[in-house]
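Q: I have a structure open and would like to learn how to read it. Could we go through some features together?

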Amino acid sequence: MTIAPFRPVTPIVQTLPPGHWHGRLWVSDEPLTQSSRYLTCVAEYDRTGLWPVLIPRDQRFAVNGEDWIDDRGRLAPAQHKIGLADPAVTLDRWWDASCCDGACLRPFGAKFPGLARRPQRRADPLAEAGNTGSVLAAHAEYRLGLVQTERPADIPAILGWTGMIKFTDQVAELSGVLRSWEERFGATLISLGFDSLELSVSAPPRSQGRALTVAAEHRAFSLPTFAGQPGNLREYAAGLVHSRHWKFSWA
């Protein structure tokens, strides 16, 4: 669908490279050459209200001279529905117990185990996001995106993002889960692709036991991400202990 460009009241960060608005999303014309610009945008967020997301290069579109931001459709913006979404109910509904013989789900089974508890120790999620995003930008090709939002978790719903469309069109529910992760784990959206997203995490699980329930949430949230990893749920959980970078794909 076509969305009219959104013009924020607060001036954009002065150090931005050339770019253009694509509906509610501002995107730099060229990939970032200075990774520190991402960190600068995070530092300016309280003033501008514009949250930076890294837009990865997608060879599937680049080979044909296309850009998924303009050349693929969007869902209707659904920010107003996020508050109606219960993340526990959402993940319970998305929990798929039929993909294997059950061994990969141990110690859980056909029933979603519920939400993981919030860790007690927390670092600054914005500082974590700025640092992680800067590291990503220094090691791969990303354009810079900006979205006016009160919280990064809302960005998929604001944009009508279709990255998970093969599995659900309820983008408000996806943002509802991201809000819950923001609140419990300091998990902050830092990268948004055609069918992928990445989060920095300031309060990751610190033990295998805690990580198991988080792993179940990840599996419900993005089954393709779990299925694309070797091993079972226990092994997936082991990779989440102290992990400050979560990646998901619906490719």
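A: Gladly! Keep in mind that this is a predicted model.

Q: Where does Tyr142 lie, and is Tyr142 buried or exposed?
A: Tyr142 lies in strand E4, which covers residues 142-148. Its relative accessibility is 8%, so Tyr142 counts as buried, the cut-off being under 20%.

Q: How far apart are Tyr142 and Ser191, in sequence and in space?
A: The two residues are 49 apart along the sequence, and their C-alpha atoms are 8.9 Å apart in space.

Q: What should I know about nonpolar side chains?
A: In soluble globular proteins, nonpolar side chains tend to be buried together. In this model, the largest nonpolar core has 72 residues, and the members that touch the most others are Trp181, Phe221 and Trp246.

Q: Which residues is Trp181 in contact with, beyond its neighbours within four places in sequence?
A: The partners of Trp181 are Gly186, Ala187, Leu199, Glu217, His218, Phe221, Trp246 and Phe248.

Q: How do I describe the way helices H8 and H9 pack?
A: Look at the angle and the distance between their axes. Helix H8 (residues 171-185) and helix H9 (residues 208-221) pack at about 160°, with axes 12 Å apart. Angles over 145 degrees count as roughly antiparallel, so that is the term for H8 and H9. The crossing of H8 past H9 is left-handed.

Q: Which residues of H8 and H9 meet?
A: From H8 come Leu174, Val177, Leu178, Trp181, Arg184 and Phe185, and from H9 come Val214, Glu217, His218 and Phe221. Sorted by class, this contact has 7 nonpolar, 1 polar and 2 charged residues.

Q: What about the backbone?
A: Most residues other than glycine have a negative phi, and most peptide bonds are trans. Two places here are worth a look. The peptide bond from Arg106 to Pro107 is cis, with omega near 15°. Pro107 sits in the loop between helix H5 (87-94) and helix H6 (125-139). The other place is His242, a residue other than glycine with a positive phi, near 65°.

Q: Where is His242, and how exposed is His242?
A: His242 is in the loop between helix H11 (233-238) and strand E7 (245-249). Its relative accessible area is 49%, so His242 is partly exposed.

Key
Residues numbered from 1 in each chain as written. Predicted model: local features only at pLDDT ≥ 70, side-chain atom pairs only at ≥ 80, totals over all residues. Heavy atoms only, no water. Core = buried A, V, L, I, M, F, W, Y, C linked by side-chain atoms within 4.5 Å. Buried < 20%, exposed > 50% of the residue type's maximum accessible area, 1.4 Å probe, protein only. Contact = heavy atoms within 4.5 Å. Axes fitted to C-alpha atoms, helices over the stretch in contact; angles between N-to-C directions. Helix = DSSP H or I, 4+ residues; strand = E, 2+ residues; numbered from the N terminus. Parallel < 35°, antiparallel > 145°, perpendicular 65-115°, else oblique. Left-handed = near helix turned anticlockwise from the far one by under 90°. Nonpolar A, V, L, I, M, F, W, Y, C, P; charged D, E, K, R; others polar.
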